[in-house]
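Here is a short tour for someone meeting this structure for the first time. Have a look at the picture, then read on for its sheets, its helix contacts and its sulfur link.

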Amino acid sequence: MNQSYYNGFNSRKRKQEYKTDLPVMITPEVKEPGSILSSLSAYIFKPWHGFVILFFCMVSSSIAFGVDDNAKSSIAEVLWRWMPLLLKGFIFNIVISICAMAIGTAAGAALGLGQISLNKWVRRVSWFITQFFRNSPWLVLLFFAMFLLPFEINIGGLAIPLPDWVKAIIGLSLPVMANVSEIVRGAVVSLPSGQWEAAESLAYTRRQTLWLIILPQCVKRMLPPWMNLYAILTMATVLASIVGVSEVMTLTGQALAAEGGRTDLLAPFYSFVLLIFFMYCYPIARWTVRLEKKFSVIG
Amino acid sequence: MIKPILSKLVSASVLCAIAMSSQVAQADAIDDIKKSGVLKVAVKADYKPYGFRDPSGAIIGIEPELAKDVADRLGVKVEYVPVVSSNRMQFLEQGKVDLMIATMTDKPDRRKVVSIVDPNYYSSGTNILAPAKYGFKKWEDLKGKPVCGIQGAFYNKKTGKEYGAQIVAFKGTAEAYAALKGGNCVAFVYDDSAIVAKTKDPAWEGYEMPLKTIDDAPWGLAVKLGETKFHELMSDQIKSWHKSGRILELEKKWGVENTPFALKMHEEYK
């Protein structure tokens, strides 16, 4: 990521078109404007992908229709009947994702600043925590949070219940925290050192430099990867179904069971879940690409 | 630079505190339930007709109705907590629920973890649903073949260990049925009462329940270990269910044929 930021920085010079033969003055060719991230998400999400998925959903449901011809109307009808419950479950997924993102961002920002601290030990500990949680499977962290945290906390005789979904939020916010920490560190490091030097020459303290000069510039660099992380987190919230939170995946399974395990409903129901996630995450991805382009250094 | 250290310390200590403060004050369960006015019952939400959801999201079925009876007796409201086979005993141990009526088979090793109430309220056996073309005659025929099952069901182990079948465990019944139809496994090992219903379903023509039912095992509802008063109350409650024929009535209401066990218990306690 850093590399590409520098590339973006360099390419501004390219626009000024130096007339020179000296190899030192010629800036290297930059293939793709914007960061790796934007080109990646532009590669993953294109508008026609939406149609492909829609098509896939329709085909899969029509295959199901083909299996049971006389149940044709009832599949749509059954799905319609369960839709309010499934959407309610999906809202729960969104709540989990937003809360986990909020907690993860707050903790991750602190951890990321810890990673660039001048104190050797703060730096090392932050680095360790970041690497530890960044390289652990999300599901394992979720299991940890589920089974290590009690269902109720007693603080001075006051029992605060800790329901499953709160535990899921805590469990999911750990990897988010580590990823945000890396995003923050990466953004700060990616800024040209001239910014630090200039601030120092103006007699800013380190703290002032960080808060008044460095971090404001980092925000827009961090925004696209941060939003990408959010989209990934949203899609990961279905993991909570494995630990028994009543979110959309769990409810889908239960709805299917309540319909007596009809095999022809399987594809339409899961396609529906796929579709609502896509409809929520796809605009975020597109928006991320737009922000990336807007914030990229090339005018 | 104090800030990051502080925030890390705070988050770490909060986590520790959360982990340590899990001790819950012990008191009599019945008093606690009456004080809070809510009876929390662990029930299945994916096991038709014993416990499943209606489209509004409410949990209904035979077991939720039994739980409602208990709540009515205590004069409190009932709250259903959906559980799955793999977490139901933990929920009771942790005190997240007061009572568990969740299609759990009564097993000696489970009696060490939770307090299963006598007499048993229900019973079912294990059998398989398989295409008739395979012509299974005995359980040993399943040896080395993939057999679908449900995650956390006790009979997976038996089918796998004793009869040598390869268990492919699924999250829910719909997935397992689909896998069976798709040919991912040669049979689906499940409760016999559910399989009998399937073999009568026209969508499952050509499928049979070919084997002898094994493990006709009673189901146990359970309370937390050490809750003797609540245990006694539940024991009395189960007797009164058998006496009044409530279970037979519920079976009829939810479309299950009266099981031999429920009939026998009704005779016994009448």
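Two strands pair if DSSP finds at least two bridges between them, and the elements themselves are DSSP runs numbered from the N terminus: helices (H or I) of at least four residues and strands (E) of at least two. With that in hand, take B:Met100, whose bridge partner in S14(B) is B:Ala222.

A word on the ground rules. This is a predicted model, where local features need pLDDT of at least 70 and side-chain atom pairs count only at pLDDT 80 or more, while totals for chains, interfaces and linings use all residues. Residues are numbered from 1 along each chain as its sequence is written, chains are lettered from A and ligands numbered from 1 in the order in which they are written, and side-chain values use heavy atoms, with hydrogens and water left out.

**Sheets in chain B**

Back to that bridge. Strand S6 (residues 99-100) and strand S14 (residues 222-223) of chain B run antiparallel and are joined by two bridges. Both belong to an open sheet of five strands in chain B, ordered S5-S1-S6-S14-S7 with mixed pairing. Its edges are strand S5 (77-83) and strand S7 (115-116) of chain B, each pairing on one side only.

Chain B also has an open sheet of three strands, in the order S2-S3-S4, with antiparallel pairing. Here strand S2 (46-47) and strand S4 (59-60) of chain B are the edge strands. Two bridges join strand S3 (residues 51-53) of chain B to S4(B), and B:Phe52 has B:Ile60 as its bridge partner in S4(B).

**Helices that meet**

Now for the helix pairs. Axes are lines fitted to C-alpha atoms, for helices over the stretch in contact, and angles run from 0 to 180 degrees between N-to-C directions.

| Helix pair | Axes come within | Crossing angle |
|---|---|---|
| H6 (residues 138-148) and H7 (residues 164-190), chain A | 8 Å | roughly 135 degrees |
| H5 (residues 120-134) and H7, chain A | 8 Å | roughly 125 degrees |
| H2 (residues 29-36) and H9 (residues 228-244), chain B | 7 Å | roughly 80 degrees |

How do you put those angles into words? Under 35 degrees counts as roughly parallel, over 145 as roughly antiparallel, 65 to 115 as roughly perpendicular and the rest as oblique. So H2(B) is roughly perpendicular to H9(B). That contact (heavy atoms within 4.5 Å) is made by B:Ala29, B:Ile30, B:Asp31 and B:Ile33 of H2(B) and B:Lys229, B:Phe230 and B:Leu233 of H9(B).

In chain A, H6(A) and H7(A) are oblique to each other. Residues in their contact include A:Trp138 and A:Leu141 of H6(A) and A:Gly171 and A:Leu172 of H7(A). H5(A) and H7(A) are oblique to each other as well. Among the residues meeting there are A:Ile129 and A:Phe133 in H5(A) and A:Met177 and A:Glu182 in H7(A).

**The sulfur link**

How many disulfides are there over all chains? Counting a pair of cysteine sulfur atoms within 2.5 Å as a disulfide, the total is one. B:Cys148 and B:Cys185 form it, with their sulfur atoms 1.8 Å apart. B:Cys148 lies in strand S9 (residues 146-150) of chain B and B:Cys185 in the loop between helix H7 (173-181) and strand S11 (187-191) of chain B, so the pair ties together parts that are 37 residues apart in sequence. The link of B:Cys148 and B:Cys185 is left-handed, with -90 degrees about the S-S bond.
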